[in-house]
Amino acid sequence: MVGIILASHGDFAAGILQSATMIIGEQDNIAAVTLQPSEGPDDIRRKIEEAAESFETSEVLVLADLWGGTPFNQANTLFDQNKDQWAIVAGLNLPMLIEAITSRFTMEKSHDIAKAIVQVAKENIKVKPEELYQEPKAAAATAEPQQALPEGTVVGSGKIDIGLARVDSRLLHGQVATAWSKDIKPTRIIVVSDEVAKDDLRKSLITQAAPPGVKANVIPIQKMIDIWNDPRFGKTRALLLFENPTDVLRVVEGGVGLEEINIGSMAHSEGKIMVSNVLSVDKKDVDALTALRDKGLKFDVRKVPSDQRRNLWDLLKKANFDK
């Protein structure tokens, strides 16, 4: 029997499993794994691995809450090693889960169940009054050119439109793929990092985590500087993601015209001091932030658009990092 792993932010996975159990009874070979606020990507990855190892089968179906979220992304890191026997479906809802559980009695492959449950999940999204429901429309074609253009071609304004530049050590994850993408409405999410650009696995996972209708790319720092000066990107609205403020400083020193930096999260590691529950810095970070401030850049400390803006320098001052 195919093993099913429910993976979510918070207790959603455990709660929806309880709901399914109330309807169709206790089930074997099924596990709920949750990412708690105090945990990180490695924690949910470990839980997914342990759940898969506990099953009496190598056929595994992962039902994740959100495409591009940390539970999905971490399941995706395990997928390539098991692609013939694993399947991942995002957008978990109760009809999908019930269909997955009951399909195991007639289907022996995770891929077959994955195909069967997607349509059921969609068909059970209904609205009352019925006239409020509209059939999904095909995604609008992007305004970006779809073919390579000769160098020097001026498209649109001739300058890339940067809707948001964000420092986030997790790069492209649920908060970016959903909340910020809806707020900024980019045509392209660009991860700017020399290190990530060299890592084929991370690049692949990032491009797969992009929200529907938005392209995701990973490029080195010099490429970002080149794009800023390339008039062929004049119809591109971009959301830029950086792992650290040092990379932002290098881009700005290269001439990229950033005006404000959103600080989303900077993970804690050895030698860093926590200045908030999502922000840890060391001297190198603070030196880069200070240099950016001296160049006239402003800072916006928020995880998601609905959060209240926090003052970066007040946070650093409390941690004795003020300059």
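**Helix packing and a parallel sheet**

Analyst: In this predicted model, the crossing of helices H10 and H11 is left-handed.

User: At roughly what angle do the H10 and H11 axes cross, and within what distance do they come?

Analyst: The axis of H10, which spans residues 245-253, crosses that of H11, residues 283-294, at roughly 35°, and the two axes come within 8 Å.

User: Which residues of H10 and H11 meet there?

Analyst: On the H10 side they are Pro-245, Thr-246, Val-248, Leu-249 and Val-252, and these meet Lys-284, Asp-285, Ala-288, Leu-289, Ala-291 and Leu-292 of H11. Sorted by class, the residues of this contact between H10 and H11 are eight nonpolar, one polar and two charged.

User: OK, switching to H2 and H3, what's the angle between them?

Analyst: Helix H2 (residues 41-54) packs against helix H3 (residues 70-79) at an angle of about 55°, and their axes lie 9 Å apart. With that angle, H2 counts as oblique to H3.

User: And is the crossing of H2 past H3 left-handed or right-handed?

Analyst: H2 passes H3 in a right-handed crossing. From H2, the residues Pro-41, Ile-44, Arg-45, Ile-48 and Glu-49 meet a set in H3 made up of Thr-70, Pro-71, Gln-74, Ala-75, Thr-77 and Leu-78. The contact of H2 with H3 has six nonpolar, three polar and two charged residues.

User: Now the sheet: what's the strand order?

Analyst: It is an open sheet of four strands, ordered S2-S1-S3-S4, and the pairing is parallel.

User: How many bridges join S1 and S3?

Analyst: Strand S1, residues 3-9, and strand S3, residues 60-64, pair in the parallel sense over five bridges; for Leu-6, the bridge partner in S3 is Leu-63.

User: What domain does UniProt annotate over residues 1-125?

Analyst: The unreviewed UniProt entry annotates residues 1-125 as "domain: PTS EIIA type-4". Over residues 1-125 the chain is 49% helix and 18% strand, and the end C-alpha atoms are 28 Å apart.

Key:
Residues are numbered from 1 along each chain as its sequence is written. This is a predicted model: local features need pLDDT of at least 70, side-chain atom pairs count only at pLDDT 80 or more; totals for chains, interfaces and linings use all residues. Side-chain values use heavy atoms; hydrogens and water are left out. Axes are lines fitted to C-alpha atoms, for helices over the stretch in contact, and angles run from 0 to 180 degrees between N-to-C directions. Helices (H or I, at least four residues) and strands (E, at least two) are DSSP runs, numbered from the N terminus. Angles under 35 degrees count as roughly parallel, over 145 as roughly antiparallel, 65 to 115 as roughly perpendicular and the rest as oblique. A crossing is left-handed if the near helix is turned anticlockwise from the far one by less than a right angle, and right-handed if clockwise. Contact means heavy atoms within 4.5 Å. Ala, Val, Leu, Ile, Met, Phe, Trp, Tyr, Cys and Pro count as nonpolar, Asp, Glu, Lys and Arg as charged, and the others, Gly among them, as polar. Two strands pair if DSSP finds at least two bridges between them. UniProt positions are given in the numbering used here, feature names are shortened, and annotations may be inferred rather than shown by experiment.
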